[in-house]
Structure formats: C-alpha cells, structure tokens
Amino acid sequence: MKVIIEKNYEKMSQTAGRMVEEQIRQKPDAILGLATGSTPLGLYKELILKYKNGLDCLNISTFNLDEYVGLAPEHPQSYHYYMRKNLFSHINIRQENIFIPNGIAPDLKKECNNYERAIKNKGGVDLQILGIGRNGHIGFNEPGSEFDSKTRVVNLSKETIKDNSRFFDEKSDVPQKAITMGIGTILQAEKIILMIAGDSKREITKKFLATEPTPEIPATALKKHKHTVVLINKSLL
Ligand code: GLP
C-alpha cells in the first residue's frame, strides 16, 4: 500500500483523475469500479474535463460499489441518480456498460449473485475507486465485515444511517439496508485508489494508518492488497 499526502482536495482529485486517465488510455475498454459520496465528486469533475479534452470513454465499463435497498434508480438519493448526475450524463459511456446494483430487485440475493457474476464475466475490475466512511467502511462494508465477503445485502450501522440522514427529509426515509460489493470483491480489483478527504475523517484516518488489518476497520483490508494507493488530504494529518 502506497500512501500519498496531497496538499488539498483539488490536488487529490487531480492525482486520482490522472490515474484513471492513464488506465483508460492504457486499456480503452477498462473496467472501473466507482464510488459515491462527496469524496469522489472532484475526481468525476476532472474526468468530465478530460472527456471534453478528448479522453474517450466509449468502451469503458463501470461497476458501482453499492446501492440502497428500497430506492428506485430515479430516486434523487439513489446511487443510480448520483452517478447519472455527477458523471454518466456528461461522458460518452454506453448505457449497457454501466453496472449498479438494483436496490429494488424483486430477489435481492439473486441480484447480488448476478452482480458478482457480471464483474467476473467482464474480466474483473482494473481500477477501483474508494472513499471511506467515518467508521472505516468501504462500499457499505460496515465494521465486522469479513475480508472474503462478496456482494450481498447488509444492514447499515447506526453511525452510517445517522451520517446519511442529512440527505433525507425524514429520518424514517433513510434506508436501513444496502447492496454492497464485498471486501473480497473489492480486493480482487487489479488496482485500488482509496481517497480520504473531509474534516469528519480526521479520526478514522489516524486509526486506519495505525491499525493492522482487522475487520473492525474494514478499510484496513486494503493493506493486504498489492496495488493500493491511498490519497490523503494533508489537513487530516
Ligand atoms: C457512503 C458510501 C461509501 C462512501 C462513504 C463516505 O457510505 N457507500 O462508498 O465512501 O459514504 O462518503 P463521503 O465521501 O461523503 O464522506
């Protein structure tokens, strides 16, 4: 695991943007693993800029990490909606190459197994983008998640539900469950970029850096991965 300290959020987004660009230029049909939340927003802006300047995204495929159970793709807080709004509607990716778990699938278990299979059928993720939750979660793999876990339905922790409640009008509207790629699924990616930004991440940044791999801090699983780059905003250290 390589740690890069970035001067600020803008620089971090630019570094991640360059790495994704390099991946797409090297392999125009690259398979990208994508994250949501506020952290990768700067990266997505960078990619849109690069697309406008000639980076072709026609043959890439993307797999998102997760989606809330119970939210339709049209729901403004769904990750389908987020991805369309913040990236997909601005680049020339093909609709059929976009993969995001369906949170309203009639058979969620089947949806999870199909998702896992779809990643394999495409040949696996070349480059995975990750953010981190305040409790160290990656995707929606909450503390206690096994390092070999696969795509599945999970219960969100109290902390995560609280963190997410700012996006919903009513507390009772905040989803309690999600579909997430497992930690084992994430670790199968060829390369991983973990981006850590935002003042609320100060405590978890220190814990993450100081702790040996343990399911209690899911992101520490990345320390076992050969090609992980962690980008940390300097202000958090
Ligand atoms: C959600 C997402 C994670 C993301 C996390 C942190 O829980 N499922 O993938 O990393 O939020 O979000 P933010 O970047 O807004 O701090």
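Student: How far is an oxygen atom of the ligand from an N or O atom in the side chain of Ser38?
Tutor: That gap is 2.7 Å. A polar contact is a pair of N or O atoms within 3.5 Å. This is a predicted model: local features need pLDDT of at least 70, side-chain atom pairs need 80 or more, and totals for chains, interfaces and linings use all residues. Residues are numbered from 1 along each chain as its sequence is written, and side-chain values use heavy atoms, leaving out hydrogens and water.
Student: What about Thr39 and Lys201?
Tutor: For Thr39, a side-chain N or O atom is 2.5 Å from a ligand oxygen. A polar side-chain atom of Lys201 also lies 2.5 Å from an oxygen atom of the ligand.
Student: How much of the ligand does the protein cover?
Tutor: The protein covers 91% of the 390 Å² of accessible area that the ligand has on its own (Shrake-Rupley method, 1.4 Å probe).
Student: New topic: how many aromatic pairs are there?
Tutor: Seven. Rings of Phe, Tyr and Trp (its six-membered ring) pair if their centres lie within 6.5 Å; planes under 30 degrees apart are stacked, over 60 edge-to-face, the rest tilted.
Student: How are Tyr44 and Tyr82 arranged?
Tutor: Their pair is edge-to-face, 6.4 Å centre to centre, with 75° between the planes.
Student: Which parts does that pair tie together?
Tutor: Tyr44 lies in helix 2 (residues 41–52) and Tyr82 in helix 3 (residues 79–86), so the pair ties together parts 38 residues apart in sequence. Helices are DSSP runs (H or I, at least four residues), numbered from the N terminus.

How values were computed:
A polar contact is a pair of N or O atoms within 3.5 Å; within protein, one must be able to donate a hydrogen and the other to accept it, and residues adjacent in sequence count only if both atoms are side-chain atoms. Helices (H or I, at least four residues) and strands (E, at least two) are DSSP runs, numbered from the N terminus.
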